[in-house]
Structure formats: structure tokens, C-alpha cells
Amino acid sequence: MEFNELMALLESMGTAQNVKVYKRHGVREPLFGVSYANLGKLKKKIKIDTSLARELWQTKNADARTLACMIADGSEFGSEELDSWVLDVDNTGLAGYYGGLVGRSAHTAEKIDAWIQAEEEFVQDSGYSCVCQTLKGNPDKLSDEFCNQILNFIEERIHTAPNRARQAMNNALIAIGTYKRNCREEALVVAGRIGKVEIDHGDTSCKTPDAIPYIKKAVAHLEKKKAKN
């Protein structure tokens, strides 16, 4: 699909209602308000097109950038380009999709290690989101030792981290406890020591998941699913 054709299609798919909803979740203009369902359909149609993804990213449009993360081949990204893109991430939704892209690259652990130590809120968010997306898709890509180091880092900093980084830290803690069997006990212990995590979700109905029961429920679901297969 050609770039101009795709941008026109994205604009036609946007709705004013979605724009309002996305703004409440911290997404900034420019944006069309395309539903994630429609972005998913476009991803299936386009499949992988990194060149097109780079064009979409340069528009600064929130919908276009989300789709860019979905259709880009992470293996085609070098370290410098990944560092350049992460500085453009300005909301937690995009951080999640960008974390997925970085998780498909050859620089996953390197970028997680660097970004979770950054000062910028959404750089941290992207690093911890990368932990979540990587473990969900390929748990063996991050070692047990590395994940335990992340747990220690989360425990030390979660209560003083920026708001959205704090949210991503909590999600990463849950992901490690869910997908890394050998780190699960430590994740539960760390979650207990951390206690309640306060996150400002703004004018939305979002709630902060309590890590311990969430991990136990997610593990039970995975084991039940595995038993069926």
C-alpha cells in the first residue's frame, strides 16, 4: 500500500469519539482516532513493511505511529534508530506498541537496560513495556538473571518513578511473575514488599492491577490453556 493512500485511509477511519477517548488516555494530537481493531485489520493487510513504517513514523500522527510499530520488522532496526524513535514516544499506549517493536529487534535487552534507567517518563515506559511484550511473545529471550535484576530495580524505584513509568513497572513485575517460571516466587515476594502502587489514570475508568492476585490468576489461566493443548 502506498503511503499517501494509507494516510487517507487512516483519516477516513478516524472518529471524533475515539479522539476524545484517546486524549483522555494521554494521546496527543495530531491523531485521527482510528480504532485498534481497524489498525489490526490494516496490519493483517499490510503484513510487514518497514519502509512504510518509517514514513508513517515521520508524520508524528499518533495513529500512524501506532501502525508503524505494528508493521515494522524489528530486525531491520539498529541501535541508534531505536534510540531516536524512543524519544518521540509521548504516551503510554504508543510505548506499549513500541516496546513490542523493540522486543522483535536484536537489541532488546540492551535497550531495556538503558531505558529503564533513563530520566524521561516515556523512555522508561517504553523500556518496561518492552519487558512485557517480549516476555509475552518470547519468554526465553530475556534471561532469568536479567529479569531478577529488573525486579530489584523495580522494587528500588517504583514508588518514586514518574506516573506512567510506575504503571509500566507494575505491568513488567506482573509479566515477569507470569511468564518467567523461575522468577515467579521472587516476583511475588517483591510485589508483597512493594505493596499498593498508586497511579493516576486521569479521566478514565482504568484501574491499577494488584500484582500478586493478578500473577496468580494469569498463571492459572496459562496452565489451564496448556493443559487443553
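Colleague: How do the residues of the lining of the largest cavity divide into nonpolar, polar and charged?

Modeller: Bear in mind that this is a predicted model. The lining has seven nonpolar residues, three polar ones and one charged.

Colleague: Which residues line that cavity?

Modeller: The lining is made up of Y22, V27, V34, Y36, L39, A62, D63, T66, N91, G93 and L94. Helix 3 (36-46), helix 5 (62-71) and helix 7 (92-103) are the elements that give two or more residues to it.

Colleague: And which element gives the largest share?

Modeller: Helix 5, with three residues.

Colleague: What volume does the largest cavity have?

Modeller: About 90 Å³. A search of the whole structure turns up one cavity of 30 Å³ or more.

Colleague: Switching to helix 2, which residues are buried there?

Modeller: In helix 2, residues 16-24, the buried ones are N18, V19 and Y22. They sit on the same side of helix 2, because the arc they cover around the axis is only 105°. Y22 is also one of the residues lining the largest cavity.

Colleague: What do the buried residues of helix 2 pack against?

Modeller: Helix 3 and helix 5.

Colleague: Which exposed residues are on the face turned away from the buried side?

Modeller: That face of helix 2 carries A16 and K20.

Colleague: Last one: is the phi of G26 positive or negative?

Modeller: Positive, near 95°. G26 follows helix 2, and V27 is among the residues lining the largest cavity.

Methods: Residues numbered from 1 in each chain as written. Predicted model: local features only at pLDDT ≥ 70, side-chain atom pairs only at ≥ 80, totals over all residues. Heavy atoms only, no water. 1 Å grid on protein atoms, 1.4 Å probe; cavity = no way out; pocket = protein on both sides within 12 Å on 5 of 7 lines; lining within 4 Å. Points joined across faces, edges and corners; volume = space filled by probe spheres on them. Helix = DSSP H or I, 4+ residues; strand = E, 2+ residues; numbered from the N terminus. Nonpolar A, V, L, I, M, F, W, Y, C, P; charged D, E, K, R; others polar. Buried < 20%, exposed > 50% of the residue type's maximum accessible area, 1.4 Å probe, protein only. Arc of directions from axis to C-beta. Contact = heavy atoms within 4.5 Å.
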